[in-house]
Amino acid sequence: MTSTRAPAAAPRRKPRQSRARHTSQALQEAFVRLLVEKGYAAITIREIVAVAGTGLGSFYEYFASKDDLARVCLHLRSKALLLDMRAAVTAYAGRPLREIVDAVIDAQLDAHREQPLAWGAHYLLERHLSSPEAYRKMYDRFVAEWVGVLDAAGDLAADCPKKEAARVCQTIIYGLVAHTHIGTGGRPDLQALSRQLRGALHGYLAGVA
């Protein structure tokens with residue numbers, strides 16, 4: 001989070017064709033698998049391409065380095081969470097705020113359920129590799145989605161400070177989810193985490209929304 005390295009990079013070549021998309025995806029999946037198994041520092045590009053079943057030439061068509069691949073993976077995983085959140089808000093638009101917030105919590109935790117070890121590694125790596133610029137940009141995108149949560153609620157108080165409330169909500173959910181995954185080594189109790197998130201978010205919003 002405090003790194004001064006370059007911001008998240010997009011793949012060198014956009015994988016538009018089906019075979020190209022498959023190659024890029026295979027490299028990303030291989031990286032995540034090795035990240036969980038070995039840790040970032042121990043991974044080599046040769047290992048990534050071996051696990052992906054591709055070659056060094058194919059790797060460098062899409063990524064300039066291991067760092068580039070890692071940043072792309074971090075960005076795309078975070079973007080997937082963002083899209084899951086947006087879908088939950090769309091599905092519950094017009095409902096009471098409490099129901100929309102619960103839907104967002106469920107969507108976020110469902111996204112973490114299948115690969116908790118990978119998410120633990122994701123949040124740990126994010127702190128070491130993401131530049132401040134990239135981190136702030138993604139954070140602001142989530143804050144904007146939380147403003148959308150408030151806008152979508154059918155019972156929001158007219159004087160609710162939406163932008164401030166959105167920032168607090170994002171800080172709560174990101175902080176609890178990320179630190180729980182890191183602190184448990186990617187083995188969180190999602191039922192307990194769901195209860196904690198509901199308590200923290202509903203408790204805060206009851207006072208401002």
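**Helix packing and cores**

H4 passes H5 in a right-handed crossing; here helices are DSSP runs of H or I with at least four residues, strands are runs of E with at least two, and both are numbered from the N terminus. A crossing is called left-handed if the near helix is turned anticlockwise from the far one by less than a right angle, and right-handed if clockwise.

Before going on, a word on the source: this is a predicted model, in which local features need pLDDT of at least 70 and side-chain atom pairs count only at pLDDT 80 or more, while totals for chains, interfaces and linings use all residues. Residues are numbered from 1 along each chain as its sequence is written, and side-chain values use heavy atoms, with hydrogens and water left out.

Back to H4 and H5. Their axes are 9 Å apart and the packing angle is about 145 degrees. Axes are lines fitted to C-alpha atoms, for helices over the stretch in contact, and angles run from 0 to 180 degrees between N-to-C directions. On the H4 side, the contact (heavy atoms within 4.5 Å) uses Leu-81, Asp-84, Met-85, Ala-88, Val-89 and Tyr-92. H5 contributes residues including Glu-99, Ile-100, Ala-103 and His-112. By class, that contact has 10 nonpolar, 2 polar and 2 charged residues. For those classes, Ala, Val, Leu, Ile, Met, Phe, Trp, Tyr, Cys and Pro count as nonpolar, Asp, Glu, Lys and Arg as charged, and the others, Gly among them, as polar.

H4 also packs against H1, residues 18–38. Those two axes come within 10 Å and cross at roughly 95 degrees. H1 is therefore roughly perpendicular to H4; the cut-offs are under 35 degrees for roughly parallel, over 145 for roughly antiparallel, 65 to 115 for roughly perpendicular, and oblique for the rest. From H1, Leu-27, Gln-28, Phe-31 and Val-32 meet H4 residues, among them Leu-69, Val-72 and Leu-76. The H1 and H4 contact divides into 8 nonpolar, 1 polar and 2 charged residues.

The next pair is H7 and H8. Their crossing is right-handed, at roughly 115 degrees, with the axes coming within 8 Å. Tyr-139, Phe-142 and Trp-146 are among the H7 residues involved, and Ala-166, Cys-169 and Ile-173 are among those from H8. The H7 and H8 contact has 12 nonpolar, 2 polar and 5 charged residues.

Which residues have the most contacts inside the largest nonpolar core? They are Leu-97, Val-101, Trp-146 and Val-149, in a core of 37 residues. A nonpolar core is a set of buried Ala, Val, Leu, Ile, Met, Phe, Trp, Tyr and Cys residues joined through side-chain atoms within 4.5 Å. Buried means under 20% relative accessible area, exposed over 50%, and partly exposed in between, with a 1.4 Å probe and protein chains only. Leaving aside neighbours within four places in sequence, Val-101 is in contact with Trp-146, Val-149, Leu-201, His-202 and Leu-205. A second, separate core has 26 residues, including Ile-43, Ile-48, Ala-52 and Ala-121.

Now the two single residues. Ala-152, in H7, is buried at 14% relative accessible area. Not counting residues up to four places away in sequence, Ala-152 touches Val-89, Ala-93, Gly-94, Arg-95 and Ile-100. Thr-180 belongs to H8 and is buried at 17%. With the sequence limit of four places again applied, Thr-180 touches Gly-175, Pro-188 and Leu-193.
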